[in-house]
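Welcome! Keep the model open beside you as you go.

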Amino acid sequence: MSTFAVSRAPLFGPQALGAVFVVLWSSAWIAGKVGLEFTGPLTLLVIRFSAAALVMLPVALLSGAPWPRKWSEYGHLTVASLLINGLTLAALYTGINDGVSAGISALIAGLTPLLTALAAGPLLGERIGAARWVGLVIGLLGVALAVMNKISFASGGWEGYAITFLALGAFVAGTLYQKKFCGAIDLRTGNLVQFIVAGVGLFIPALAFEGLRVEWSEALIASSAWLALANSIGAVSLFYFLLRQGEASRVATLFYLVPPITATMAFVAFHETLSPVAVAGFVLAAVGVYLGAGRSRPSARRR
């Protein structure tokens with residue numbers, strides 16, 4: 001006979017990595033809000049990725065990191081970067097600038113785990129059990145409750161909502177593409193290439209639509225430094241590392257925690273409202289991540 005038991009597996013090694021990733025990724029909204037007071041969203045992204053590339057260049061050279069050996073690998077890095085670093089953030093910021101409320105934006109982004117799970121099956125061969133599907137639904141409900149007080153349809157036309165959904169699609173596609181084609185490339189040189197691609201790709205739109213206008217200040221420098229070091233280098237590197245260690249659908253469940261953590265940071269930094277309903281949403285989102293990141297495995301083999 002064979003016996004099987006359901007066990008909890010650590011989220012790709014130390015669970016602390018997942019927690020650090022969520023905190024760093026969530027902090028981008030706070031740092032970005034500060035930086036956008038002094039420049040446009042596209043220009044801020046150019047500054048962010050340019051600074052990140054300048055930091056990663058000596059890191060890659062001095063550490064002797066191997067460079068991609070094939071032109072196809074540079075091509076894969078380019079596609080993934082344009083989707084994740086370029087199109088996703090540019091479309092998301094543009095949607096908010098067109099009047100899409102922060103709550104609607106967060107709710108649309110909350111569809112990331114569900115869409116990733118749906119696509120990861122046929123594209124990556126990942127299997128998702130019933131318990132994980134329940135967790136994905138619970139997590140989305142938690143996100144909806146967490147941002148309920150910020151949901152508003154009073155402003156923003158269909159163009160803003162369409163481009164926000166474009167950001168969602170670009171990020172999901174970029175995540176799956178990164179998982180499938182860029183997993184064997186060294187993170188140091190790979191990130192450097194992707195930061196350069198994102199910076200160059202956003203330069204022309206930033207010049208055309210914003211004139212690269214910048215009001216330099218200590219706050220902008222601090223915001224840009226945090227976005228480059230903590231978000232682009234720290235959070236993105238952790239995201240790619242987690243993708244290499246496990247299934248894309250499991251990593252994606254961590255994004256359910258981003259709106260609650262961001263709301264908590266905004267409560268502390270900007271004294272924004274944090275209602276009991278939002279707190280309940282935080283709890284549901286955490287439950288959704290716990291269930292969505294679970295898996296079952298045999299405890300004994302058939303002899």
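Helices (H or I, at least four residues) and strands (E, at least two) are DSSP runs, numbered from the N terminus. This is a predicted model, where local features need pLDDT of at least 70, side-chain atom pairs count only at pLDDT 80 or more, and totals for chains, interfaces and linings use all residues. Residues are numbered from 1 along each chain as its sequence is written, and side-chain values use heavy atoms, with hydrogens and water left out.

**Exercise 1.** Work out what pattern the chain follows along the sequence.

*Solution.* Start with the count: the chain has twelve helices and zero strands. Next, read along the sequence, and you get α-α-α-α-α-α-α-α-α-α-α-α. Finally, look at burial (buried means under 20% relative accessible area, exposed over 50%, partly exposed in between, with a 1.4 Å probe and protein chains only). Of the chain's 303 residues, 49% count as buried.

**Exercise 2.** Find Leu61 and decide: is this residue buried or exposed?

*Solution.* First, go to helix H2, residues 41–62, where Leu61 has its place. Then apply the cut-off: Leu61 is exposed because its relative accessible area is 52%.

**Exercise 3.** Describe the largest pocket and its lining.

*Solution.* Grid points are joined across faces, edges and corners, and a volume is the space filled by probe spheres set on the points.

Step one is the volume, about 1,100 Å³ for the largest pocket. Step two is the lining of 43 residues, with Trp29, Leu92, Tyr93, Ile96 and Ser105 nearest the centre. Step three is the source: H3 gives the largest share, eight residues.

**Exercise 4.** Which residues line the largest cavity?

*Solution.* The whole structure holds one cavity of 30 Å³ or more, and the largest cavity has about 30 Å³ of space. Its lining consists of Leu77, Gln178, Cys182, Ile185, Asp186, Leu187, Gly190, Asn191, Gln194, Tyr240 and Arg244. Helix H8 (187–210) and helix H9 (218–245) each supply at least two of the lining residues, and H8 has the largest share with four.

Methods: 1 Å grid on protein atoms, 1.4 Å probe; cavity = no way out; pocket = protein on both sides within 12 Å on 5 of 7 lines; lining within 4 Å.
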